[in-house]
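Visitor: I would like to learn how to read the features of a model like this one. Please give the general idea each time, then the case at hand.

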Amino acid sequence: MFAANYYSYDMRYSVIVPVYNRPDEVKELLESLTEQHFKDFEVIIVEDGSTLPCNDIIEIFKDRLDIKYFSKPNSGPGQTRNYGAERSSGEYLIILDSDCIVPPVYFNSIEQELKESTSDAFGGPDKAHHSFTDIQKAINYSMTSFFTTGGIRGGEKKMDKFYPRSFNMGVRRNVYMSLGGFSDMRFGEDIDFSIRIFKGGYSCRLFPEAWVWHKRRTDMKKFFKQVYNSGIARINLYKKYPDSLKPVHMLPAIFTAGMIVLILAAAVGCMMYVFSHFSNDANSKYIVEKWALYTISASIMPLAVFSLLIFSDSAIKNKCIKIGAFSIISSFIQLTGYGSGFIIAWWKRCILGKDQFSAFEKNFYK
């Protein structure tokens, strides 16, 4: 697939960024790359069939960065990264999303980690920048929180295995080439690639200090699409690698199913309370009302407690009550979006036996 020299490198790192209609975000990313203390890197921007190209933005930075710019028909992020990798010359490939901003010491942190212990592949965590909107900060919270699936994304040095994600991933160039790069999966292609890193016998670990500021989706609707597709991708990965599905991956689906049950129980309780007023028997009316109120409170209480935990934790961490309130919404979206995508894909692929299932494929990046 790749016609490239595995062992001769012109520089230390090649930063590869696939782009789809994100010129403003690309400008912010490139600006942050000009501020790097470590300078031995090139930047490769690959336009993936965009209707809003960023060629004007690239011109601004041509004198400030070693930058290459390409445009190609739309094929999805994985294949677009491969296109950039074929045209790279760094010893390591750094895969970033266009909605990321890197701190000035990003490459210094990677260099420090590699000097302490070499690694074939690696990845770092993400944070919310102070310039992000309150909704973006809330979304970032829900994607990194202990109280959501953010707690399993990686952030502890003692993790047995760390599967880097494409918003902040590094891999030795010859390893990337030997694995054939990213697959043609539209969603979950980064996890697929990480799984193949381990199956290929290569080393891979978390670099805790090599973090990026990650904007993720800009509103709740786009965020739902993102996590919904992530749930679908998990089942597609399970069909491809049966041993990749762990009990923890099912938690959002369990949460989603549990929430539906609680909402239905609360609805039943409300109907019981209404119907109790049609009873002429005072004793029966009292009993039905009592059970109705008990059912309603027992159904609402778990969701209320969870909401309070999210609100308190996020408000304290972000030092903002408004972000705490938004975090309740984003956390429910994160869990139920992923969970519903997981359940629907499981039903279609594992029960009905259909082929690979996806959604929002044509407009996910808009």
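Visitor: Which residues form a nonpolar patch on the surface?

Guide: This is a predicted model. In it, the surface patch consists of Val268, Met271, Val274, Phe275 and Phe278, and together these nonpolar residues have about 540 Å² of accessible area. Methionine 271 belongs to helix H9, which covers residues 251-276.

Visitor: Is methionine 271 buried, exposed or partly exposed?

Guide: Methionine 271 has a relative accessibility of 44%. Buried means under 20% and exposed means over 50%, so methionine 271 counts as partly exposed.

Visitor: How many residues does the chain have, and what percentage of them is buried?

Guide: The chain has 366 residues, and 53% of them are buried. Its secondary structure comprises 11 helices and 10 strands. Along the principal axes, the C-alpha atoms fill a box of roughly 90 × 45 × 45 Å.

Visitor: How is an aromatic pair read, and how many are there in the whole structure?

Guide: A pair of aromatic rings is described by the distance of the centres and the angle of the planes. The search of the whole structure finds 21 aromatic pairs. In one of them, the ring centres of phenylalanine 255 and phenylalanine 332 are 5.8 Å apart and the planes stand at 55 degrees, so the pair is tilted.

Visitor: Which parts does the pair of phenylalanine 255 and phenylalanine 332 tie together?

Guide: Phenylalanine 255 is in helix H9 and phenylalanine 332 is in helix H11 (residues 321-351), so the contact ties together parts that lie 77 residues apart in sequence. Phenylalanine 332 has a relative accessible area of 17% and is buried. Elsewhere, one aromatic cluster is formed by Tyr13, Phe38, Phe41, Tyr92, Tyr106, Phe107, Phe122 and Phe207.

Visitor: Where does the charged end of arginine 87 sit?

Guide: The charged end of arginine 87 sits over the ring of tyrosine 83, 3.5 Å from the ring centre. Another case is lysine 127, which lies over the face of tryptophan 211 at 4.2 Å from the centre of the ring.

Visitor: What is the bridge partner of lysine 127 in S10?

Guide: Strands of a sheet pair through backbone hydrogen bonds, either parallel or antiparallel. Lysine 127 has tryptophan 213 as its bridge partner in S10. Strand S10 spans residues 212-214 and runs parallel to S7, with two bridges joining them. These strands belong to an open sheet of three strands, ordered S5-S10-S7, in which the pairing is mixed. Strand S5 (100-101) and strand S7 (126-127) are the edge strands, each pairing on one side only.

Visitor: How is a salt bridge read, and how many does the structure hold?

Guide: Side chains of opposite charge can pair when their charged atoms come close. The structure holds 20 salt bridges. One of them joins aspartate 99 to arginine 22, with an N to O distance of 4.0 Å. Aspartate 99 is in the loop between strand S4 (90-96) and S5, while arginine 22 is in the loop between strand S1 (11-19) and helix H1 (23-34), so the pair ties together parts 77 residues apart in sequence. Aspartate 99 is buried at 3% relative accessible area, and arginine 22 is buried at 15%.

Visitor: Which side chain meets arginine 81 in a salt bridge of 2.9 Å, N to O?

Guide: That side chain is glutamate 189. Glutamate 189 lies in helix H7 (residues 189-199) and arginine 81 in helix H3, so this pair ties together parts that are 108 residues apart in sequence. Glutamate 189 has 5% relative accessibility and counts as buried; arginine 81, at 2%, is buried as well. Salt bridges that share partners also join Arg12, Glu91, Glu111, Asp120 and Arg172 into one network. Arginine 81 meets aspartate 97 in a salt bridge too, at 3.8 Å from N to O.

Visitor: What about phi: which value does asparagine 21 have?

Guide: Most residues other than glycine have a negative phi, and most peptide bonds are trans. Asparagine 21 is not a glycine, yet its phi is positive, at about 55 degrees. Asparagine 21 sits in the loop between S1 and H1 and counts as buried at 18% relative accessibility. Lysine 319 also has a positive phi, near 55 degrees. Its place is the loop between helix H10 (282-318) and H11, and lysine 319 is exposed, with a relative accessible area of 77%.

Definitions and conventions:
Residues numbered from 1 in each chain as written. Predicted model: local features only at pLDDT ≥ 70, side-chain atom pairs only at ≥ 80, totals over all residues. Heavy atoms only, no water. Patch = residues over 30% accessible without salt bridge, like charges linked within 9 Å, V, L, I, M, F, W, Y side chains within 5 Å. Areas by Shrake-Rupley, 256 points an atom, 1.4 Å probe, with all protein chains shown as cover. Helix = DSSP H or I, 4+ residues; strand = E, 2+ residues; numbered from the N terminus. Buried < 20%, exposed > 50% of the residue type's maximum accessible area, 1.4 Å probe, protein only. Phe/Tyr/Trp six-rings, centres within 6.5 Å; stacked < 30°, edge-to-face > 60°. Lys NZ or Arg CZ within 6 Å of the ring centre and 35° of its normal. Pairing = 2+ DSSP bridges.
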